[in-house]
Amino acid sequence: MGEKKICKSICRMCGSGCGIEVTVEDNKVVRISGDKDNHINRGRICIKGSSAVTWLNLPERLTKPLKKTADGFVEIPLEQAMDEIAEKMLELQKKYGKQAVAGWKGEGTGFDQNEGLMRRFNTAIGSPNYFSNNTQCNAGRFIAFHLNYGCWPQADFRNTNLAIFWGTNSPAAHSYWTQDLNEGREKGAKSIVVDVKYNEQARIADLFVVIRLVLMQY
Ligand code: SF4
């Protein structure tokens with residue numbers, strides 16, 4: 001058997017930043033589990049974090065550029081892919097102006113690093129058109145929190161009397177919330193779930209309020 005080591009890290013599949021232990025064997029990630037020493041998730045992780053090992057090692061995972069041709073997709077060297085993309089971008093900018101090319105940073109590993117790189121790239125190509133998961137979702141939350149509370153508050157599920165979950169399923173999405181809520185429930189906390197479906201969160205709620213979707217036809 002080859003060299004085996006366990007590296008402590010942080011899961012960045014979502015903003016919770018759970019502590020994880022990554023088991024590496026022969027330079028290959030073979031297991032991801034929760035880090036019991038991490039004060040946030042205390043050993044718990046959700047299915048997204050633990051299954052990250054599956055997609056990381058998927059044989060079908062794209063690791064090389066593929067170019068669409070009349071005969072289907074063909075593998076091309078990275079340098080060629082970069083050159084062809086740059087050529088097309090410059091062509092578009094020449095024809096329609098610099099702002100015709102926009103940059104998008106998705107959610108994924110890195111977060112802030114990705115954002116910094118994308119913004120630098122946008123500056124380099126002379127286009128202010130930058131979008132990201134933040135512009136679609138997180139920035140609104142950030143602004144609303146700061147306008148209302150002056151900070152980014154964290155729910156204290158361990159010490160609350162009543163928690164309301166609106167359209168969120170923490171056992172599947174933010175497992176440490178469930179852990180904290182269960183501690184709160186032991187001290188008498190109640191919870192209400194408002195959702196369109198009876199999910200795992202609803203199963204442990206004191207009250208489940210279902211939202212009925214009505215399709216209107218005009
Ligand atoms: S809640 Fe799940 S996806 Fe988010 S950081 Fe923790 S393990 Fe990763």
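Student: How many cavities of 30 Å³ or more does the structure hold?
Tutor: The structure holds 1. A cavity is a set of points on a 1 Å grid over the protein atoms alone, where a 1.4 Å probe fits but cannot get out. About 80 Å³ of space lies in the largest cavity. This is a predicted model: local features need pLDDT of at least 70, side-chain atom pairs 80 or more, while totals for chains, interfaces and linings use all residues. Numbering starts from 1 along each chain as its sequence is written, and side-chain values use heavy atoms, leaving out hydrogens and water.

Student: What takes the space of the largest cavity?
Tutor: The ligand does. Among the residues around the ligand are C11, K48 and H174. The cavity lining includes C11, K48 and S175. By class, that lining has 7 nonpolar, 4 polar and 1 charged residues.

Student: Why is the pair F145 and W152 called edge-to-face?
Tutor: Ring centres within 6.5 Å make a pair; planes under 30 degrees apart are stacked, over 60 edge-to-face, the rest tilted. F145 and W152 show 5.0 Å and 75 degrees, so edge-to-face applies. Ring pairs also link F142, F145, Y149 and W152 into a cluster.

Student: What makes the pair F157 and W177 tilted?
Tutor: Their centres are 5.6 Å apart and their planes at 50 degrees, so the pair is tilted. F157 lies in the loop between helix 4 and strand 8, W177 in helix 6, so the pair ties together parts 20 residues apart in sequence.

Student: Is F157 buried or exposed?
Tutor: Buried, at 10% relative accessibility. The cut-offs are under 20% for buried, over 50% for exposed, partly exposed in between. W177, at 23%, is therefore partly exposed.

How values were computed: Near = heavy atom within 4 Å. 1 Å grid on protein atoms, 1.4 Å probe; cavity = no way out; pocket = protein on both sides within 12 Å on 5 of 7 lines; lining within 4 Å. Sits in = over half its atoms within 2 Å of the grid points. Points joined across faces, edges and corners; volume = space filled by probe spheres on them. Nonpolar A, V, L, I, M, F, W, Y, C, P; charged D, E, K, R; others polar. Phe/Tyr/Trp six-rings, centres within 6.5 Å; stacked < 30°, edge-to-face > 60°. Helix = DSSP H or I, 4+ residues; strand = E, 2+ residues; numbered from the N terminus. Buried < 20%, exposed > 50% of the residue type's maximum accessible area, 1.4 Å probe, protein only.
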